Amino acid sequence: MTTTSDRSVAEIVARFLVERGVDRIFGLQGGHIQPIWDHLVQLGVRIVDVRDEGAAVHMAHAHAALSGQVGIAMATAGPGVTNCVTAMANAHLERVPVLLIGGCPPRPQDDLGPLQGIDHAAILAPVTRQSRTLRVAEQIARDLDKAWAMADGDGNPPGPVYIEIPTDVLRETVPAALVLDEHLRPKARRRLLPDPGEVARAAALLRSARRPLVVTGRGARGCGGVLTRLLDASGAVYLDTQESRGLVDPAHPAAVGAMRARAMQECDLVLVVGRKLDYQMGYGSPAVFPQARFLRIADHADELRDNRRGEVELLADAGLALQALADALGAPSPGVDTAWTQALRAEHVRRAARHAEALAHAEPGRDGHMHPNRIFAALRHLLRPDAITIADGGDLLSFARMGLETRHYLDAGAFGCLGVGTPYGVAAALLHPDRQVVTVTGDGAFGINAMEIDSAQRHGAKVVFIVSNNAAWNIERLDQEMNYGGRVAGTLLAWSDYAAMARAFGLHAERVTDPARLRGAIEDALAHAPALVDVVVTQDALSSDAGKGLGWVPDRQALTAWDDAERARRG
């Protein structure tokens with residue numbers, strides 16, 4: 001800082017955030033954090049105040065995922081911070097950079113039983129990259145610099161960081177000479193260069209493959225151009241995941257998402273870019289990939305050494321590694337089984353077209369209510385190419401993954417963190433006020449953060465919430481009905497009128513029971529956002545996830561077919 005005057009720690013925190021380009025924070029005010037809050041207001045930082053602190057972290061998460069910046073949330077001491085645990089765990093598993101600034105009691109009250117006094121740092125330590133209490137005033141800028149770097153993934157996987165500063169420390173002043181500019185200035189994220197020898201080995205491995213498959217995760221975000229070059233140079237087929245949706249044009253001949261199971265079963269080499277081999281990837285098990293060797297690229301070792309090691313492992317920036325690999329390959333090997341790749345693509349196109357056509361004709365259930373696929377049929381006529389869509393729910397998520405075409409997409413993620421849809425939608429609409437933002441959520445998931453529709457209205461977030469209302473936690477209800485003798489317990493909800501709730505908070509809202517009205521209702525909602533459309537749907541619709549046993553929780557794999565294959569492999 002160039003001025004000679006002393007500054008309070010609270011002001012140093014606020015100015016640090018402004019220097020790092022932060023123009024908004026998400027939070028819920030409380031006395032323990034008020035000194036920072038006030039300085040942020042004075043510096044013109046937008047305060048997006050919410051109805052629950054966990055929703056603030058979800059909003060910071062969505063802001064980070066869509067902007068590429070570190071998302072900032074603030075919560076006061078005690079339950080303010082503990083309300084954030086689930087959202088921080090979600091960001092941890094999703095590897096999204098979030099900085100949560102919490103409050104804690106003044107130091108003189110340590111161990112006296114202070115108001116909202118609890119060991120927040122210990123509670124959050126397992127679900128963060130770092131969790132600390134900052135007690136030394138003159139080191140605050142240095143500590144913030146370190147926390148930011150850890151959240152942003154400088155030398156470690158990106159993810160959430162928690163810091164708290166006792167309120168008496170926030171009020172302390174620090175001489176300007178002790179606050180070094182080097183701790184305030186933004187830093188460029190370092191990019192690891194790939195080792196040329198390992199690139200040559202990786203290229204040779206790809207050339208030797210007859211049926212190569214490329215799979216990407218969040219670590220490949222921003223690499224769409226070089227990823228496409230690599231696909232062209234290798235002749236491989238391609239599967240995205242919910243972490244990396246939109247990187248490759250769906251019209252690219254390598255894209256075979258509708259043939260996921262067959263591609264995984266029949267490939268002989270898997271190039272995994274910036275993704276862990278978690279349950280969604282069958283843990284990389286030979287039961288799921290019976291013929292495959294692995295080649296792995298990641299800028300953090302955590303995404304190289306889990307479950308299956310690569311025959312070649314490139315610890316490098318994903319974009320630089322893909323570029324070097326594409327340059328080394330030049331053109332697809334004549335050994336690539338083009339009959340296989342072309343057959344996968346042709347069947348993918350056929351299945352995708354058949355599914356898209358079937359959406360609008362999905363039959364109602366025995367109860368007479370419409371199929372949830374009708375929602376996605378209507379959206380296909382209304383969404384612009386740059387629309388942002390969010391999917392939230394258990395059973396509904398399965399329909400949404402297949403029904404939503406948009407390349408800008410967020411959902412409940414690998415953690416299956418229901419309740420994210422409403423706060424994600426608010427943050428997305430505030431970040432991109434000129435784009436369509438639509439959240440499609442099950443009624444159960446909606447209820448978790450339903451009060452954030454109030455936040456949407458108060459802050460002018462032009463988001464449309466579509467509630468697929470089947471009055472149930474349906475994937476669990478179906479599991480009870482099919483596998484537990486029909487003993488349905490604790491999985492039924494009321495046929496609540498969520499449109500009436502939304503109108504009470506000043507949103508445009510409509511309840512839809514007739515599929516003929518659905519498209520018009522969504523069109524009206526888009527024109528009058530923030531808005532909510534409550535769509536009454538059948539409980540009888542069986543999602544692919546329910547049909548594959550995801551709700552049943554098999555012993556060794558997430559899906560029944562994979563679990564059966566795993567059991568067979570183990571004899």
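Visitor: Quick one about R190: buried or exposed?

Guide: R190 is exposed, with a relative accessible area of 64%. Exposed means over 50% relative accessible area, buried under 20%, and partly exposed in between, with a 1.4 Å probe and protein chains only.

Visitor: And what should I know about the model itself?

Guide: It is a predicted model: local features need pLDDT of at least 70, side-chain atom pairs count only at pLDDT 80 or more, and totals for chains, interfaces and linings use all residues. Residues are numbered from 1 along each chain as its sequence is written, and side-chain values use heavy atoms, leaving out hydrogens and water.

Visitor: Which residue forms a salt bridge with R190?

Guide: That's D154, with the closest N and O atoms 2.6 Å apart. D154 lies in the loop between α7 (140-152) and β7 (161-166), and R190 in the loop between α9 (181-184) and α10 (196-208), so the pair ties together parts that are 36 residues apart in sequence. D154 counts as partly exposed, at 26% relative accessibility. A salt bridge here is a side-chain nitrogen of Lys or Arg within 4 Å of a carboxyl oxygen of Asp or Glu. Helices (H or I, at least four residues) and strands (E, at least two) are DSSP runs, numbered from the N terminus.

Visitor: How many salt bridges does that rule give?

Guide: The count comes to 45. One of them joins R517 to E510, with the closest N and O atoms 2.8 Å apart. R517 is partly exposed at 33% relative accessibility, whereas E510 counts as buried at 18%.

Visitor: Which residues are joined into one network?

Guide: R95, E243, R275, D278 and E303, through salt bridges that share partners.

Visitor: Switching to helices: how do the axes of α3 and α5 cross?

Guide: The axes of α3 (residues 53-67) and α5 (residues 85-94) come within 8 Å and cross at roughly 25 degrees. The two helices are therefore roughly parallel to each other, a label for angles under 35 degrees.

Visitor: Which residues meet there?

Guide: G54, V57, H58 and H61 in α3 meet A87, M88, N90, A91 and E94 in α5, where contact means heavy atoms within 4.5 Å. By class, this contact has four nonpolar, four polar and one charged residues.

Visitor: Last one: why is α1 largely enclosed?

Guide: Eight of the eleven residues in α1 (residues 9-19) are buried, so the rest of the structure largely encloses this helix. The buried ones are V9, A10, E11, I12, V13, A14, F16 and L17. After α1 comes G21, which has a positive phi near 85 degrees.

Terms used. Axes fitted to C-alpha atoms, helices over the stretch in contact; angles between N-to-C directions. Parallel < 35°, antiparallel > 145°, perpendicular 65-115°, else oblique. Nonpolar A, V, L, I, M, F, W, Y, C, P; charged D, E, K, R; others polar.
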